[in-house]
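This report looks at one open space in a model and at one helix beside it. Please have the sequence and the structure at hand while reading.

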Amino acid sequence: KKTMIKNRPIQGGHILWQEDIEDIMMLLDRLEENRKTIEESNCLEQENYQTKAKIYMLREKNRLYDKLQTQTAGQIGLLNELLIRYEEEEDLAESRRLLAKISLIGTYIKRYGNLIFIGEREAVSDIAELGACLEESFSSLRLMGIECALTAPAGAFIYVRDAVRIYNFFETVIEACLDSLLSVWVKFRVHKESLIFCMEVESEDDLNSFFDKTDQGENEDGIWKFTFTIKKAGEK
């Protein structure tokens with residue numbers, strides 16, 4: 001293993017000689033050991049990387065869930081209260097109404113969370129995403145016999161932060177007048193580089209406190225109208 005026999009033809013025959021290759025073999029052995037060490041190190045680094053990635057992912061999920069829980073604490077508390085009332089309620093009609101309220105609050109928490117998660121990845125969203133949030137909330141309102149309608153331009157883009165703001169405003173108003181709410185109409189209108197958001201609510205409750213959160217608010221014969229303008233966004 002440590003000697004190499006070599007030959008070379010010469011005139012009238014061959015010349016043979018041997019070379020000591022112990023140093024070369026030792027070097028090759030070292031190279032093989034180094035290769036194995038590097039391979040093991042790479043495997044360990046890969047495992048460490050995967051572990052760190054999993055830890056980071058879990059931390060990020062916890063951060064987002066904590067953020068969602070903090071921003072929907074009011075709805076979570078209301079949801080728990082409604083569930084307790086539902087379990088104690090014996091009247092069938094009232095039980096169904098409580099279920100519809102539970103569905104409304106649960107829908108908001110889920111859809112609001114979706115918007116929060118989208119906002120962590122992207123700054124801009126198709127208005128259809130907000131429209132889907134509103135339509136799902138409408139489904140719960142219709143269970144209570146409330147008339148709902150949405151009008152929004154196709155293909156428009158808005159900033160996710162504005163979508164969060166609008167959906168939160170919508171939910172806050174609805175919760176404030178839910179027991180007397182008869183109808184709600186949400187519409188978006190394009191105006192130059194802006195989108196005008198308008199929400200009309202038919203209710204006997206006093207909603208004057210919400211005027212401070214809008215650009216314009218008015219009430220006529222129990223029809224409350226809230227309007228504010230948001231900036232259009234470019235495509236993602």
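## The largest pocket

The largest pocket holds about 150 Å³ of space, a volume being the space filled by probe spheres set on grid points that are joined across faces, edges and corners. On a 1 Å grid over the protein atoms alone, a pocket is an open set of points where a 1.4 Å probe fits, with protein on both sides within 12 Å along at least five of seven lines, and its lining residues have an atom within 4 Å of a point.

This is a predicted model, in which local features need pLDDT of at least 70 and side-chain atom pairs count only at pLDDT 80 or more, whereas totals for linings use all residues. Residues are numbered from 1 along each chain as its sequence is written, and side-chain values use heavy atoms, without hydrogens and water.

## Its lining

Of the 13 lining residues, Leu78, Lys101, Glu175, Leu178 and Asp179 lie nearest the centre of the largest pocket. The elements that give two or more residues to this lining are H2, H3 and H5, with the largest share, four residues, coming from H2; helices are DSSP runs (H or I, at least four residues), numbered from the N terminus.

## Helix H2

Helix H2 spans residues 73–88, and its buried residues (under 20% relative accessible area, 1.4 Å probe, protein chains only) are Gln75, Leu79 and Leu82. They lie on the same side of H2 because they cover an arc of only 70° around the axis, taken from the directions from the helix axis to the C-beta atoms.

On the other side of H2, Gly74, Glu87 and Glu88 are exposed, which means over 50% relative accessible area. The buried residues of H2 pack against helix H1 (22–71), helix H3 (92–121) and helix H5 (160–177), where contact means heavy atoms within 4.5 Å.

Conventions. The expected span of a helix is 1.5 Å times one less than its number of residues.
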